[in-house]
Amino acid sequence: MPNDIFDKVDNKKELSKADIKYLLEIENKDELQQLFNKAYDIKSTNIGKKVWFRGIIEFSNICRKDCYYCGIRKSNKTVERFMMKEEEILEGAEWAYKQNYGSVVLQSGERDDPYFVDFITSVLEKIKKLSNGELGITISLGEQSKKTYRRWFNAGAHRYLLRVETTNTELYKKLHPEDHSLENRIACLRSLKEVGYQLGTGVMIGLPMQTIDDLVNDILFFKEIDADMIGMGPYIVSENTPTAEYIDDYTAIKENQYKLALKMIAATRIYLRDVNIASTTALQALKTYGREMGLKAGANIIMPNVTDTKYRSNYQLYEDKPCVDESSDLCMGCLEGRILKIDETVGLGEWGDSPHFKKKTGKIGN
Ligand code: SAM
Ligand code: SF4
């Protein structure tokens, strides 16, 4: 019964695997509401009734990897490749700064060539300069050498998001070509921590062949790796990708994907308590108010898209990605209103660092 589990939570007792599994398998409407309420309470106690924005700039879809589920994988010949110019990225960052967002996220396909590494280093230094060091910077640029991670950290990035995607080795193999390795991904997570980043990871939820036990193990992994931030969302089918072939009718499973993603947010919040958890765009792709529901289920971060609209249609990781045609201003307006409606405030002008990281290190951003 969830009440027994919630008693354990209230008494700060460690949940067992079976407890977490129970939470992820809840179907009864009242129990589900209880689960979301409990997660939201824990979020409010540990973080406050506050949502932090990260303006995300998806600046390039050029990728050397070939993950079978991703719409911008290198073998997808239907995609028109782009890389934003440095000035364009800086404009996006400046716009976010002027809106008082507090932080930006730079995300792209994976590249490790020297030109790219230098380019990112320069962009990071310039973002720091244009914001007088005030904008916080998260980067999400895939697997790199420790040397590169260190260079980008020294240039101004202080949070890194690298989803492990799934912790089930067999499943990982089925979703990636042979030269992609879960081991290396986990080694990268460890390097990022050693360099000093606030560590973000996460998984896709509702992948073909993924079981509830896999998701339980994913949550345990978040704790084991001592993640500071979690960014996870539902797997959404992307046409022209090998993983899509496992799915007969995505519409038929959409509701389930959505519900499972919310349960994962709630269970993760209950288990980890003080980490930052993003309510991702993929949730909104499944339900108009999906991101707000993510906040109500225990998430506390939203990443409004501040990428120039002309590039957005080419950064389609999956079908029905929202806000593809809206300008950044419209995104900002609609989001802020939505947050206030659910009785939360936006933490403007703050880095919004993970309370978990602050407690661990005693380090405070701004
Ligand atoms: N290339 C970097 C990497 O893979 O870490 C960052 C960009 S990548 C597009 C960001 C995330 O998109 C991946 O970690 C993956 O979880 C997610 N993603 C890719 N395809 C997806 C899909 N079909 N449904 C949901 N999420 C997807
Ligand atoms: Fe490239 Fe990231 Fe997509 Fe994999 S998930 S193909 S690394 S952009």
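A cavity here is a set of points on a 1 Å grid over the protein atoms alone where a 1.4 Å probe fits but cannot get out. To sit in a cavity, a molecule needs more than half of its atoms within 2 Å of its grid points.

The model is predicted, with pLDDT of at least 70 needed for local features and 80 or more for side-chain atom pairs, while totals for chains, interfaces and linings use all residues. Residues are numbered from 1 along each chain as written, chains are lettered from A and ligands numbered from 1 in written order, and side-chain values use heavy atoms without hydrogens or water.

Next I listed the shell of ligand 2. Around ligand 2 are Cys63, Lys65, Cys67, Cys70, Ile72, Arg73 and Gly109, each with a heavy atom within 4 Å.

I then turned to ligand 1. Ligand 1 also sits in the largest cavity. Among the 19 residues around ligand 1, Tyr69, Arg163, Glu165, Arg185 and Ile236 come nearest.

I checked polar contacts (N or O pairs within 3.5 Å). Arg163 places a polar side-chain atom 2.8 Å from an oxygen atom of ligand 1. A side-chain N or O atom of Glu165 is 2.6 Å from an oxygen atom of ligand 1. Ile236 uses a backbone N or O atom, 2.7 Å from a nitrogen atom of ligand 1.

Last, I counted 10 aromatic pairs, with ring centres within 6.5 Å. Phe153 and Tyr197 pair edge-to-face (planes over 60 degrees apart), at 5.0 Å centre to centre and 65° between the planes. Phe153 is in helix 6 and Tyr197 in the loop between helix 8 and strand 6, so the pair ties together parts 44 residues apart in sequence. Helices (H or I, at least four residues) and strands (E, at least two) are DSSP runs, numbered from the N terminus.

Note on methods: A polar contact is a pair of N or O atoms within 3.5 Å; within protein, one must be able to donate a hydrogen and the other to accept it, and residues adjacent in sequence count only if both atoms are side-chain atoms. On a 1 Å grid over the protein atoms alone, a cavity is a set of points where a 1.4 Å probe fits but cannot get out, and a pocket is an open set with protein on both sides within 12 Å along at least five of seven lines; lining residues have an atom within 4 Å of a point. Rings of Phe, Tyr and Trp (its six-membered ring) pair if their centres lie within 6.5 Å; planes under 30 degrees apart count as stacked, over 60 as edge-to-face and the rest as tilted.
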